[in-house]
Amino acid sequence: MKLNYIPDKEKSLLEDDLLGTLPYVETLASIVQNCDTPFAIGLLGGWGSGKSSIIKTLQTKFHQIPKSTTEVFIYDAWKYSTDTFKRTFILELLEFFKLNLYKEMKERFYI
């Protein structure tokens with residue numbers, strides 16, 4: 001008997017939606033494009049439910065829209081679980097948006 005496994009890594013749902021979560025991407029994209037700001041969206045689910053794939057696919061979807069001004073910033077909290085949340089979040093945000101303060105702030109944060 002051959003077993004098929006779903007790999008434990010984020011995956012583009014536009015290519016292969018193994019968990020049937022592409023409708024969540026479409027709904028989130030519609031909300032982001034049509035809601036008044038400011039607003040917050042929480043994406044909650046158990047381990048392996050596809051949250052990372054949903055967000056990664058949403059990011060890809062916005063990059064494929066010509067002249068889109070929407071950016072999806074992804075912060076990996078597990079990667080920095082032994083560091084201070086505020087510090088690493090701000091540094092990652094500065095680097096993601098290529099803000100000139102990144103190098104200066106990084107040096108100051110770790111002194």
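Analyst: Helix H2 gives the lining of the largest pocket its largest share, six residues, a helix being a DSSP run of H or I with at least four residues, numbered from the N terminus. This is a predicted model, in which local features need pLDDT of at least 70 and side-chain atom pairs count only at pLDDT 80 or more, while totals for chains, interfaces and linings use all residues. Residues are numbered from 1 along each chain as its sequence is written, and side-chain values use heavy atoms, with hydrogens and water left out.

User: Which residues lie nearest the centre of the largest pocket?

Analyst: Of the 42 residues that line the largest pocket, Lys51, Ser52, Ser53, Ile55 and Ile74 lie nearest its centre.

User: Why is threonine 88 called buried?

Analyst: Threonine 88 has a relative accessible area of 2%, and buried means under 20%, with exposed over 50% and partly exposed in between (1.4 Å probe, protein chains only), so threonine 88 counts as buried. Threonine 88 belongs to helix H3, residues 85-96, and a polar atom of its side chain lies 3.2 Å from the backbone oxygen of phenylalanine 85.

User: What makes aspartate 8 exposed?

Analyst: The relative accessible area of aspartate 8 is 63%, and therefore aspartate 8 is exposed. Aspartate 8 sits in the segment before helix H1 (22-34), and its C-alpha atom is separated by 9.9 Å from that of tryptophan 47, 39 residues apart along the chain.

Conventions. Helix = DSSP H or I, 4+ residues; strand = E, 2+ residues; numbered from the N terminus. 1 Å grid on protein atoms, 1.4 Å probe; cavity = no way out; pocket = protein on both sides within 12 Å on 5 of 7 lines; lining within 4 Å. Polar contact = N/O pair within 3.5 Å; in protein donor to acceptor, adjacent residues only side chain to side chain.
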